[in-house]
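Please open the model in your viewer and keep the selection tool at hand. The tour below goes from one selection to the next, with a short note at every stop.

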Amino acid sequence: MNKVFPQGENGYTPAESKAHPGGEGAQACITLTNRTGFLCHDQRSCIPASGVCDGIRTCTHGEDEDESLCRDVPQSLPHFLVAHCGDPASWIYSDQKCDGTNNCGDCSDELSPVTVCPPCGPGWWRCPSTFFKYCDCIPRHLCRDHVQHCSDWSDEYACPGP
């Protein structure tokens, strides 16, 4: 079940909201994968942040693609949907932060000092990656595959594998 932030008249209140024309405010929620999401007007559907203004109407009434929300992305998006990269001109959707992938292009969405992410999860191996797609962790399925993925070769010699 998706988590929303309780309080308020109808049992839900946003973690942070930004009023849009028409008096409707966007609400934050937590998706089933424990990521920041956008709460649809039905107060039950929580879509990933990166599903907002992607050209696909995911909410029943299409509010995730509303013109007032998507007019001037990222400025028109509620703050909880946006994460900034090390380069101030770059941004990503907040659910892309700490996902193991270098979405910002400079690893600032995965590494300090811009972002503080938890250590590599059980399906990952910590190492200085040679692939710009990853930063400090690579998927364990890349371990012991006879291809160097870590600059120190630990993926081939120290990683226990998948």
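Begin by selecting C127 and C150, whose link is left-handed, with -70 degrees about the S-S bond. The two ends sit in distant parts of the chain, 23 residues apart: C127 is in the loop between β7 and β8 (137–139), while C150 is in the loop between β8 and α2 (154–157). Keep in mind throughout that this is a predicted model. The sulfur atoms of C127 and C150 are 1.9 Å from each other, and a disulfide joins the two residues. Is C127 buried or exposed? With a relative accessible area of 3%, C127 falls under the 20% limit and is therefore buried. C150 is buried as well, with a relative accessible area of 0%.

Next, colour residues 118–157, the stretch that an unreviewed UniProt entry annotates as "domain: LDLRAD1-like C-terminal".

Now move to C85 and C104, which are joined by a disulfide with an S to S distance of 2.0 Å. This link is also left-handed, with -75 degrees about the S-S bond. It connects distant parts of the chain, 19 residues apart, since C85 lies in the loop between β5 (82–84) and β6 (91–93), and C104 in the loop between β6 and β7 (124–126). Both cysteines, C85 and C104, are buried.

For another disulfide, select C29 and C46, where the S to S distance is 1.9 Å. The torsion about the S-S bond is about 95 degrees here, so the disulfide of C29 and C46 is right-handed. Because C29 belongs to strand β2 (residues 27–30) and C46 to strand β4 (residues 46–48), the pair ties together parts that are 17 residues apart in sequence. C29 and C46 are both buried. If you go on to show every disulfide in the model, the count comes to nine.

Finally, turn to the largest nonpolar core, which has 15 residues, and select F38, I47, V52, C53, L69, L77 and L81, the members that touch the most other members. Apart from this core lies another one, of eight residues, among them C127, I138, C150 and C159. In soluble globular proteins, nonpolar side chains tend to be buried together.

Notes: Residues are numbered from 1 along each chain as its sequence is written. This is a predicted model: local features need pLDDT of at least 70, side-chain atom pairs count only at pLDDT 80 or more; totals for chains, interfaces and linings use all residues. Side-chain values use heavy atoms; hydrogens and water are left out. A nonpolar core is a set of buried Ala, Val, Leu, Ile, Met, Phe, Trp, Tyr and Cys residues joined through side-chain atoms within 4.5 Å. Buried means under 20% relative accessible area, exposed over 50%, partly exposed in between (1.4 Å probe, protein chains only). UniProt positions are given in the numbering used here, feature names are shortened, and annotations may be inferred rather than shown by experiment. A disulfide is a pair of cysteine sulfur atoms within 2.5 Å. Helices (H or I, at least four residues) and strands (E, at least two) are DSSP runs, numbered from the N terminus.
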